[in-house]
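Let's take a walk through a protein model together. Have a look at the picture first, and then we'll go through the sheet and its helices.

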Amino acid sequence: MYSQQNGDRIPGSYPRTQDLSPPQTRSRRTILNPNRKIEDIYIAVMGVTGAGKSSFIELCTGQKLGIGEGLRSHTQEVGEFAFMFKPNLRVHLVDTPGFDDTDRKDTDVLRDVAGWLGVSYKNRIRLSGMIYLHRIIDVRMQGTAKRNLFMFQKLCGPECFGQIVLATTMWSLVPPDLGAQRERELIKTEDFWGYMYQNGSQIMRHKDQTDRSSALAILDTVIRNRREVTLRIQREMGDGLELEQTGAGRQLNADIIEEREKHRKEMADLQRDKEEALAMANQEAAEQIARLQSDLAKKIQDGEESQKRLRIDLEKLQAEREEEMAKLLAEIQEQHKKLKAQEEEYHRLKASNQTHATEWQDKMRQVEENMQKEKARFESQLAAMTQKKSGVMTEFGEWLQQKWDDVCDFFESL
Ligand SMILES: Nc1nc2c(ncn2[C@@H]2O[C@H](COP(=O)(O)OP(=O)(O)OP(=O)(O)O)[C@@H](O)[C@H]2O)c(=O)[nH]1
Ligand SMILES: [Mg+2]
C-alpha cells in the first residue's frame, strides 16, 4: 500500500524490537523462545569532545547518534544504545558528553553523567567496563584533554582501572611512526595514561571510524575482561553525598575557586586601571574598562551559580531526571493517541470506500501521509526515551515495548 516514495522504509521494514528495544525487557523473540536467555552488559564510552565517542558507538551499533562537525561539541547528554554483540549478548553502549563541552558548563555535564550513573546504579544496572577515547592526531595532551582524563579518573576510582580500555582514535590521519611515538608518550607519562596503565588499564588502537572490526576488537577486550564495577562516583552518591562532596565534584569545585581567584585579581587590576583613567579624564578608556569589569563580574557570578548547582544529592538528581522523563512520556502518549485516532479514521474511510471511490482515495492518501508523519515522530520520541530511560525508569520498558509493537502491528496490517 505504501510506496518507496514515502521514504526508504516500507511497512514491515521498520526496526522492530532490536534497535529500539528497551533494555531489560522481554522482546518478542524471547517471548517466542523463552529458553533463549539474553545477557545485558553496559559499557560507558568517555573522552574529550571530538574524540570520536559517538562515531565509535554508531559503528558498533549501526544506529544514528549524530556526529559532531567543526569545533562545537555535539553530544549534549548521556544516551544509551543497545545492539546484539552475540546472539545471547546484548551490549549497551553509554555515550557521554565530554567535560570540555563548548556549549555546556562542566557542572552540568557532571550533573548529567553522575545522575545517569547514580540512578542506573540505584536501579541495579552495573557497568562491566569503560572505554576512554583519545585522538592520536592531537600533538600533545592539552590542558582540556588532561583535565578530562583527570575527571574520568575521579569518576571511576583506581579500583576500576582494570576494566578500562584506553583507546586512541583516528589512526588513518597520522603516519604510523608518529602515532606510535605519541602512543608511547601517553603510556610512559604518569600524568597521561601511565598511572592507569600501571594499574591495569589496557591500551588499544581504534584505526578509523569506518573500521568496524577494530571497534569490535576493543569491545571484545572489554567484554572478555568484564567484571561488574561500581564506579567511585556511584558509591559516593549511593552513600548520600552531595555532588560537591564527591571526588569529581571536589575537583570541579577547586577549579571554580581557582578560576574565581584569578578573576578577582583581574578585577582589582582593572579597578586600578579605571581609577587611573578617570584621574587622567580619559572617559573612553574608563568606559571600556567598566565593560571588561562587568564581563568579569558575570563570570564570577556564573562560577558561584555553578558551585550551587553542585550542591545536589542523588535523590534530587533522580527527581529532576524523572520529571524530564515524565514530560517525554506524556509526549509519547499524546503521539500514540493521535496515531490511534488516525487509525480509526483510516478504518472508517475504508468501510465507506464502495460509495465514494475517488473521494475516498484522496482522503485515504491524506490519512496515510499523516499517519506516516506521526509514526516517524513517535519513533523518534520513543528512541529518545529508550536512550535516556535505562538509568531512570526501567518499569516503563514493557509499556514502551507494547506501544511500539502495537504501532508496528497496525502498520503491517495495512
Ligand atoms: N578520520 C576519522 N575521523 C573521525 C574518527 N572518529 C571520529 N571522527 C570524526 O571526528 C569528529 C567528531 O566525532 P564524534 O564521534 O562526534 O566525537 P564525540 O567524541 O562524540 O564528540 P562530542 O559529542 O562533541 O563529545 C566527527 O567529524 C567524526 O566524523 C576516526 O576514527 N577517524
Ligand atoms: Mg558525541
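Which residues point one way from E5, which point the other way, and are they buried or exposed? Ile164, Leu166 and Thr168 point one way, while Val165, Ala167 and Thr169 point the other way, and all are buried.

The chain has a mean pLDDT of 82, and 81% of its residues reach 70 or more. Residues 1-32 are another story: pLDDT stays under 50 there, and the model has 47 contacts beyond four places in sequence for this stretch. Where pLDDT is low, the predicted coordinates should not be read in detail.

**The sheet**

Now zoom out to the sheet. It is open, has 6 strands in the order E2-E3-E1-E4-E5-E6, and its pairing is mixed. Strand E2 (79-86) and strand E6 (202-205) stand at the edges with a single partner strand each, so one side of each has no neighbour in the sheet. From one strand to the next, the twist averages 25°.

| Pair | Sense | Bridges | Residues facing each other |
|---|---|---|---|
| E1 and E4 | parallel | 6 bridges | Ile43 and Gly129 |
| E4 and E5 | parallel | 6 bridges | Ile131 and Val165 |
| E5 and E6 | parallel | 4 bridges | Ala167 and Met204 |

How does the chain get from E4 to E5? It crosses through helix H5 (residues 143-156), and this β-α-β crossover is right-handed.

**The helices**

H5 also has a helix to pack with. H5 and helix H10 (residues 247-279) pack at an angle of about 145°, with their axes 7 Å apart. On the H5 side, the contact involves Phe150, Met151, Lys154 and Leu155, which meet Gly247, Ala248 and Gln251 in H10. Sort the residues of this contact and you get 4 nonpolar, 2 polar and 1 charged.

Back at the sheet, E1 (residues 39-47) and E4 (residues 127-135) run parallel. Helix H3 (residues 53-61) packs on the sheet, touching E1, E2, strand E3 (89-95) and E4. The direction of H3 makes about 160° with that of E3.

Technical notes
Residues numbered from 1 in each chain as written. Chains lettered and ligands numbered in written order. Predicted model: local features only at pLDDT ≥ 70, side-chain atom pairs only at ≥ 80, totals over all residues. Pairing = 2+ DSSP bridges. Helix = DSSP H or I, 4+ residues; strand = E, 2+ residues; numbered from the N terminus. Axes fitted to C-alpha atoms, helices over the stretch in contact; angles between N-to-C directions. Contact = placed C-beta atoms within 7 Å. pLDDT = per-residue confidence, 0-100. Buried ≥ 20, exposed ≤ 12 C-beta atoms within 10 Å, placed from the backbone. Right-handed = clockwise from strand over helix to strand, strands pointing away. Nonpolar A, V, L, I, M, F, W, Y, C, P; charged D, E, K, R; others polar.
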